[in-house]
Amino acid sequence: DSVEDPSEPRTSNAELPPEVNLAVPFTSQAPFANWDEVHEDTCEEASVLMVHAYYEGQARGTIDPNVAEDVLLDMVESENLLFGYFKDTTAEETAKFIRVYYGHTAEVLDNPSVDDLKRHLAEGHPVLIPAAGRILANPFFSGIGPVYHMLVLKGYTESGFIVNDPGTRRGADWVYGYDHLMESIHDWVVPEGIEDHPSDIPASARKAIVIYP
């Protein structure tokens, strides 16, 4: 089978459909609602698992919690071996982990626009978004939300991006307004405190990860 070259020309903005909602199955980063020290930091792993399950053809819905729990813990162990830690991996580190763990192609996007992200979704490719969780301010987050977070972009409507947000069990098909989500994009390398001043997040820290099967 041929492998798609990420450098090849893609869908033009003029050809974007008005709405997209990819059938990405959902899991919380705490499949059994056990928000312990490990599961508080498995948003990256849960996001990667959701996209892998999508490419494996799993139907839209919820990933079996037993399966999700086993995979998340195995990912944590694998990252500890690969990096020496698993918490707060950067976009580049997360992309590397995706390539090593699942063998998928993972491309880091630098300072993507709304149309850039829509274009990948229109072509059937979910996008991982590292974000400032306190800017996202999902009402179902515990407290004020995480400093750093990751979620899956799976579609868009007229009003915003459709995501699977593993930071809450109610995170399936959540919609964040375009400006709201774009303001939150925030790679892990930015110093703590920046989440309170989103306008100060430099363009160099606004990254996303698109995964190809």
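I count a contact when heavy atoms lie within 4.5 Å. This is a predicted model, so I note that local features need pLDDT of at least 70, side-chain atom pairs pLDDT 80 or more, while totals for chains, interfaces and linings use all residues. Residues are numbered from 1 along each chain as its sequence is written, and side-chain values use heavy atoms, without hydrogens and water.

**His-149.** I found His-149 in strand β4, residues 149-156 (strands are DSSP E runs of at least two residues, helices H or I runs of at least four, numbered from the N terminus). Is His-149 buried or exposed? His-149 counts as buried, because its relative accessibility is 2% (buried is under 20% relative accessible area, with a 1.4 Å probe and protein chains only). Beyond neighbours within four places in sequence, I list its contacts, among them Gln-29, Cys-43, Phe-141, Asp-165 and Trp-188.

**α2 and α3.** Next I checked helix α2 (residues 65-83) against helix α3 (residues 91-102): the angle is about 110 degrees, with axes 11 Å apart (axes are fitted to C-alpha atoms over the stretch in contact; angles run from 0 to 180 degrees between N-to-C directions). That makes α2 roughly perpendicular to α3 (65 to 115 degrees). Residues making the contact include Met-75 and Leu-82 of α2 and Phe-97 and Tyr-101 of α3.

**α4.** In helix α4 (residues 114-122), I noted buried residues, including Leu-117 and His-120. Just after α4, Gly-124 has a positive phi of about 90 degrees.

Notes
Parallel < 35°, antiparallel > 145°, perpendicular 65-115°, else oblique. Buried < 20%, exposed > 50% of the residue type's maximum accessible area, 1.4 Å probe, protein only.
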